[in-house]
Amino acid sequence: MGDNMESLKMLLNNAKTGGYAVAAYNINNLEWTRFILEASMDSRAPLILEVSEGAVKYMGGFKLVVDMVNDLIEELAIDIPVALHLDHGRSFLVCKKAIDAGFTSVMFDGSDLPLSQNIALTKEVVDYAHLQNVTVEAEVGQVGENNKIGKRAEVGDCDRFVRETGVDCLAPALGNVHGLYNSNIQIDLKAAREISKLTNVPLVLHGGSGVSDEEFLELVNNGIYKVNINTALQMVWAKAVREYLDSNADVYDPRKIIKSGEQAIKNEVIRINNLLGSINKA
Ligand SMILES: [Zn+2]
């Protein structure tokens with residue numbers, strides 16, 4: 001594990017005990033990582049930094065991401081707990097690379113596979129990860145894409161999945177969708193509560209950007225302690241940068257351009273941390 005980071009399992013256990021949820025924000029570059037670290041420290045909220053396979057490639061590889069996050073924590077004197085998580089790892093090999101580089105947790109996403117294969121591969125990742133104290137998340141059912149609801153997780157499948165894999169936290173498909181939702185999508189919180197009771201592991205909600213403020217307040221009561229946020233930060237950043245460029249046509253300094261979205265990201269991070277009840281919990 002990265003020297004300055006904390007285990008995801010510990011963060012989620014603390015959240016469960018404390019009755020709040022922790023946001024997992026996807027990062028895209030150095031600046032995003034700094035903005036999110038600083039905003040989370042300002043709100044004294046524990047933090048999960050999350051990286052997709054695509055973003056790892058974009059930034060230059062697993063080792064670079066681990067070193068960058070470790071160095072930022074040190075240079076900025078970040079004193080809240082920070083976990084570094086691989087989002088939607090599609091193979092054992094990708095999860096292994098993240099673990100070997102120092103990620104504190106990985107998600108193995110076998111949601112395209114039949115349940116028994118998803119179980120077998122998740123177990124392989126869990127066995128490898130646990131040797132190094134790395135936390136594992138996995139998906140049952142399919143989180144939707146492009147405003148289309150995916151295959152919902154069956155409560156019985158989740159129970160079998162957790163028992164047979166030993167996975168630390170679970171992302172069941174509850175009618176949630178990646179990206180923004182159209183208004184008629186609702187998360188099945190009743191199913192979440194049943195799955196949570198039966199499996200006793202912290203649940204993870206993907207597609208947090210499309211969740212309404214009212215639903216946010218209900219997540220913890222239904223066993224959801226990790227909420228993934230990607231699109232929401234992208235949208236507030238892009239809007240701020242677009243406005244800045246529109247009214248500053250002569251600016252070409254990339255630092256000024258990227259930084260023009262800083263406050264928008266920070267405000268959104270603090271707002272979400274507040275909704276999840278994680279403010280002042282670190
Ligand atoms: Zn996801």
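**View 1. The largest pocket of the predicted model.** About 220 Å³ of space lies in this pocket. Its lining consists of 18 residues, and Asn26, Asp87, His178, Asn230 and Thr231 are those nearest the pocket centre. Strand 3 (82-89), strand 8 (224-229) and helix 10 (231-247) are the elements that each give two or more residues to the lining. By residue class, the lining divides into 14 polar residues, three nonpolar residues and one charged residue.

**View 2. The largest nonpolar core.** This core has 89 residues, and Phe103 and Leu170 have the most contacts inside it. Helix 4 (residues 62-75) provides the largest share of the core, seven residues.

**View 3. The aromatic pair of Phe62 and Phe103.** Three aromatic pairs are found in the whole structure, and one of them joins Phe62 and Phe103. The two rings are arranged edge-to-face, with 5.6 Å from centre to centre and 75 degrees between their planes. Phe62 belongs to helix 4, whereas Phe103 lies in the loop between helix 5 (92-101) and strand 4 (105-108). The pair thus links distant parts of the chain, 41 residues apart. Both Phe62 and Phe103 are buried.

**View 4. The aromatic pair of Phe92 and Tyr128.** Phe92 and Tyr128 also form an edge-to-face pair, with 5.8 Å between the ring centres and 75 degrees between the planes. Because Phe92 lies in helix 5 and Tyr128 in helix 6 (residues 115-131), the pair ties together parts that are 36 residues apart in sequence. Phe92 has a relative accessible area of 24%; since buried means under 20% and exposed over 50%, Phe92 is classed as partly exposed.

Methods: Residues numbered from 1 in each chain as written. Predicted model: local features only at pLDDT ≥ 70, side-chain atom pairs only at ≥ 80, totals over all residues. Heavy atoms only, no water. 1 Å grid on protein atoms, 1.4 Å probe; cavity = no way out; pocket = protein on both sides within 12 Å on 5 of 7 lines; lining within 4 Å. Points joined across faces, edges and corners; volume = space filled by probe spheres on them. Helix = DSSP H or I, 4+ residues; strand = E, 2+ residues; numbered from the N terminus. Nonpolar A, V, L, I, M, F, W, Y, C, P; charged D, E, K, R; others polar. Core = buried A, V, L, I, M, F, W, Y, C linked by side-chain atoms within 4.5 Å. Buried < 20%, exposed > 50% of the residue type's maximum accessible area, 1.4 Å probe, protein only. Phe/Tyr/Trp six-rings, centres within 6.5 Å; stacked < 30°, edge-to-face > 60°.
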